[in-house]
Amino acid sequence: MKKGTNSACEGCDLNQASNLKKLGVNIEDNNYVVALAGNPNTGKSTVFNALTGLKQHTGNWPGKTVTRAEGGYSYNDKKYKLVDLPGTYSLLSTSQDEEVARNFILFGKPDVTIIVVDASRLERNLNLVLQILEITNKAVLCLNLMDEAKRLEIEIDDRTLARDLGIPVVPTSARSKEGIPELLKTVHQVATGEIKCKPHRIKNIPKNIKNAIEKLSLEIETAYPDVPNSRWIALRLLDGDERIIEAIKTGEFITE
């Protein structure tokens, strides 16, 4: 890995370096909500535990059999509620896991979405990353399992990756806590607006489709002034996404 401003911190004390206080299940009166997303087997649960401690509140999402895990931590005198979303490969809503993850990022409007990827298998993880960046403007890429990538002699230029994706990229090895202080700091900077993200979006859209998206997006905003990301919802409606169509008809936008 080429060294940059987001390189992992080696040998530093986690709590001292990051001003981190793990709150476990004590997540009342939080200042910010953070979603934790990613493919299965990327070390997402290890990142969750590194931030919140082993204690977590678990239950099911409303009306679903999908497990919901939450925890909390305090950083720089701000309290963060961390919601661990189901591990998915896509947000196209072909399963309950995908529907839950997508709807929380879209309708729950988290202050930051941490996208955890496997650095040793980055290419296969990028599909989900790009889908999430179509939905939210505030995200951080957690380039996890850097120790495994190093073992396989895989080099990743995190600065170039951050530039191409338009969001901060933080290399981590969550099992050994490397990079966790940098991750905490970066999430804080995005949540507070200190870092402004300019996420990658689909640009090469045929003119007729682009016009249809703009027209439908305006109609959605008129009918639902508080709806997030009307452009993406319009795109999914034009694609015939039945679950989004149902959400629009009923107005049942998920916020929790």
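In which strand does Val170 lie? In this predicted model, Val170 belongs to strand E8. With a relative accessible area of 0%, Val170 is buried, because burial is assigned under 20%. Val170 and Leu183 are separated by 13 residues in sequence, and their C-alpha atoms lie 6.0 Å apart in space.

The protein chain as a whole contains ten helices and eight strands. It has 256 residues, of which 50% count as buried. The accessible surface of the protein chain amounts to about 12900 Å², and carbon and sulfur atoms account for 46% of that surface. Where contacts in the protein chain join residues at least 6 apart in sequence, 73% of them are between residues at least 24 apart.

Two helix pairs were examined. Two packed helices are described by the angle between their axes and the distance between the axes. For helix H8 (residues 207-223) and helix H9 (residues 230-238), the axes are 8 Å apart and the packing angle is about 115°. The crossing of H8 and H9 is right-handed. On the side of H8, the contact is formed by Ala212, Ile213, Leu216, Ser217, Ile220 and Glu221, and on the side of H9 by Ser230, Arg231, Ile233, Ala234, Leu235, Leu237 and Leu238. Sorted by class, the contact of H8 with H9 comprises nine nonpolar, two polar and two charged residues.

The crossing of H3 and H10 is right-handed. Residues Glu99, Arg102, Leu106 and Phe107 of H3 meet Arg243, Ile244 and Ala247 of H10. The contact of H3 with H10 is made up of four nonpolar and three charged residues, with no polar ones.

Backbone torsions were considered next. Most residues other than glycine have a negative phi. Asn76, which is not a glycine, has a positive phi of about 50°. Asn76 is located in the loop between strand E4 (67-75) and strand E5 (78-84). The relative accessibility of Asn76 is 34%, so Asn76 counts as partly exposed. A positive phi, near 70°, is also found for Lys177, likewise a residue other than glycine. Lys177 is placed in the loop between strand E8 (169-171) and helix H7 (180-192). Lys177 is partly exposed because its relative accessible area is 33%, a value that falls between the limits for buried, under 20%, and exposed, over 50%.

Arg124 lies in helix H4 (residues 122-135). The relative accessibility of Arg124 is 61%, and Arg124 therefore counts as exposed. Along the chain, Arg124 and Asn39 are 85 residues apart, and the separation of their C-alpha atoms is 9.1 Å.

Methods: Residues are numbered from 1 along each chain as its sequence is written. This is a predicted model: local features need pLDDT of at least 70, side-chain atom pairs count only at pLDDT 80 or more; totals for chains, interfaces and linings use all residues. Side-chain values use heavy atoms; hydrogens and water are left out. A crossing is left-handed if the near helix is turned anticlockwise from the far one by less than a right angle, and right-handed if clockwise. Helices (H or I, at least four residues) and strands (E, at least two) are DSSP runs, numbered from the N terminus. Contact means heavy atoms within 4.5 Å. Ala, Val, Leu, Ile, Met, Phe, Trp, Tyr, Cys and Pro count as nonpolar, Asp, Glu, Lys and Arg as charged, and the others, Gly among them, as polar. Buried means under 20% relative accessible area, exposed over 50%, partly exposed in between (1.4 Å probe, protein chains only). Accessible areas come from the Shrake-Rupley method with a 1.4 Å probe; for residues, only the protein chains shown count as cover. Axes are lines fitted to C-alpha atoms, for helices over the stretch in contact, and angles run from 0 to 180 degrees between N-to-C directions.
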